[in-house]
Every structure is written in structure tokens, then in C-alpha cells.
Amino acid sequence: AAKESLAHSGLEISEQNSERIGVTVSSAIGGIATLEQSTKTIITSGPRRVSPFTIPMLMPNGPSGLIAIDSGAQGPALSVSSACASSSDGIGLAWQLIRNGVLDAAVTGGTDATICGIAVGAFDRLGAMSRSNDDYSMTPQPFDKNRDGLVMGEGAAILILEELQTAKERGAQIMAELVGYGATADSFHITAPQEDGSGGAAAIRLALDKAEVNAGEVDYINAHG
């Protein structure tokens with residue numbers, strides 16, 4: 001995904017600009033399938049049979065480090081871990097680093113691969129997984145009164161975020177402009193938001209204020225339903 005995104009952007013990383021390009025690709029949980037497999041290996045075959053690649057494959061910041069090595073980007077290589085907001089917060093971090101003059105561009109986004117026994121079992125025990133196995137054509141349905149949980153998936157999504165003037169100078173095809181970002185914590189419950197939605201509303205207000213955009217100008221909302 002990172003290679004495709006870099007190729008599409010036309011951004012060339014060289015000795016001259018490498019320290020001004022960072023990577024903030026995030027993961028909510030890291031290599032949980034690797035952890036599961038390594039645990040099984042210890043039980044069945046002992047610790048000396050555990051793969052020496054377990055730690056690099058387990059670290060949530062592994063994607064950023066590997067993308068930096070592969071692309072030659074030598075700015076900060078960081079990952080944000082904030083549950084299902086990890087990718088959004090990683091993009092927000094990249095935006096702030098560029099806005100503050102630390103970077104000219106960043107490879108940013110997120111990836112997770114969590115379809116393994118421990119992840120599916122744990123999410124199910126949490127009560128978060130859909131159990132509509134007989135008729136799965138109608139799930140997930142987050143805004144339905146009969147909603148019964150999420151359907152786990154895997155994937156990666158990567159953006160190239162760049163300072164506007166730098167992008168214009170190199171003749172980049174600009175797909176969109178990121179003009180605001182806001183993040184808050186409800187400080188309420190480990191999985192549930194405040195019932196009045198005040199935490200989410202505060203984050204939205206922060207983003208609108210930074211973007212200098214009125215709420216009436218917003219025509220699409222992506223909800224973590």
C-alpha cells in the first residue's frame with residue numbers, strides 16, 4: 001500500500017530531502033497473530049523454537065520502520081496506538097509535524113491484521129462481534145435497532161501528506177487538502193463514550209475551528225458506528 005501510494009503521488013525520496021520526509025503508519029494492536037503463533041510454539045516446542053523475527057513482527061511501530069527502510073525516508077518513523085482511531089491520529093500527527101515545519105511530507109495511514117483465534121475470541125467475549133452467522137448479508141448494521149456488533153476485517157490504507165507549497169512546486173496532482181484535526185478523550189469508560197456525545201462533539205469542534213470551517217459546510221461524516 002505504501003509503495004502504491006508513493007508511486008501514485010510522484011514523490012521522490014532522495015538524499016537531499018530524505019530527512020524532511022517522515023512515516024506515521026499506525027496499528028491498533030500490532031502483530032497479534034505473530035504473538036499467538038509464538039505462544040503456541042513455546043508451549044509445543046519450547047522457547048528456542050520461537051522465530052527470531054517475532055519482536056519486529058510484533059511491534060506496533062513495525063510498519064513505519066519497515067516502510068522507512070524500504071522508501072529511504074529518514075524523518076521521524078512513528079506509530080500511534082489509539083485503538084480504532086490509530087490511523088486517524090497517525091494522519092493527524094503527520095499533519096501537525098508538517099504544519100509545524102518539522103517535515104515537508106509524510107507517508108501516513110494505518111494497517112492491521114487481526115483475524116486470528118485470540119483476536120476474534122477476545123472481541124467476541126467483549127460483546128463486540130456480530131453473531132449473525134446464519135444470515136450474514138445484513139451485518140454489520142451499526143445504525144439498526146437490531147445491530148449486534150462488528151465484522152472483523154484486515155487491510156491497509158496509506159496516504160502521502162505533503163506541505164501545500166512543496167506539492168505545488170513539484171507539480172503534484174493534489175487529491176485533497178487536510179485543513180483540520182481534533183482529538184479528545186472522554187475519560188469515561190474503557191469502551192463506551194459519554195452518553196451525551198460531548199467528547200466526540202469537542203473533537204469535531206476542534207477540527208472545525210482549526211480548519212476555519214462552519215458545521216453547515218460539512219457534507220460527509222464518517223462515523224465509527
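Buried, in this briefing, means under 20% relative accessible area, exposed means over 50%, and partly exposed lies in between (1.4 Å probe, protein chains only). By that cut-off glutamine 141, at 19% relative accessibility, counts as buried. The structure is a predicted model, in which local features need pLDDT of at least 70, side-chain atom pairs count only at pLDDT 80 or more, and totals for chains, interfaces and linings use all residues. Residues are numbered from 1 along each chain as its sequence is written, and side-chain values use heavy atoms, with hydrogens and water left out.

**Overall architecture**

- The protein has eight helices and four strands, where helices (H or I, at least four residues) and strands (E, at least two) are DSSP runs numbered from the N terminus.
- Read along the sequence, these elements follow the pattern α-β-α-α-α-β-α-β-α-β-α-α.
- Taken along the principal axes, the C-alpha atoms fill a box of roughly 55 × 50 × 35 Å, and buried residues make up 29% of the 225 residues.
- Among contacts (heavy atoms within 4.5 Å) between residues at least 6 apart in sequence, 69% join residues at least 24 apart.

- In helix 1, which spans residues 2-9, the residues Ala2, Ser5, Leu6 and Ser9 are buried.
- Seen down the helix axis, these buried residues fall within an arc of 95 degrees, so they line one face of helix 1; the arc is that of the directions from the helix axis to the C-beta atoms.
- An α-helix has 3.6 residues a turn, so residues three or four places apart point the same way.
- Lys3, Glu4, Ala7 and His8 are exposed on the other side of helix 1, while the cover over its buried residues includes helix 4 (62-71), strand 3 and strand 4 (155-162).
- Glycine 10, with a positive phi near 75 degrees, follows helix 1.
- Glutamate 15 is found in the loop between helix 1 and strand 1 (21-26), and it is exposed, with a relative accessible area of 75%.

**Second largest pocket**

- On a 1 Å grid over the protein atoms alone, a cavity is a set of points where a 1.4 Å probe fits but cannot get out, whereas a pocket is an open set with protein on both sides within 12 Å along at least five of seven lines, and lining residues have an atom within 4 Å of a point.
- About 190 Å³ of space lies in the second largest pocket, a volume being the space filled by probe spheres set on grid points that are joined across faces, edges and corners.
- The elements that give two or more residues to its lining are helix 2 (32-45) and strand 3 (105-112).
- Among the lining residues is Thr34, which is found in helix 2, counts as buried at 15% relative accessibility, and touches Thr54 and Met57 when residues up to four places away in sequence are not counted.

**Cysteines and glutamine 141**

- The structure holds zero disulfides, a disulfide being a pair of cysteine sulfur atoms within 2.5 Å.
- The sulfur of cysteine 84 is 15 Å from the closest cysteine sulfur, in cysteine 116, which is too far for a bond.
- Cysteine 84 is exposed, with a relative accessible area of 59%, whereas cysteine 116 is buried, at 10%.
- Glutamine 141 lies in the loop between helix 6 (117-126) and strand 4, and, leaving aside its neighbours within four places in sequence, it is in contact with Asn146 and Arg147.
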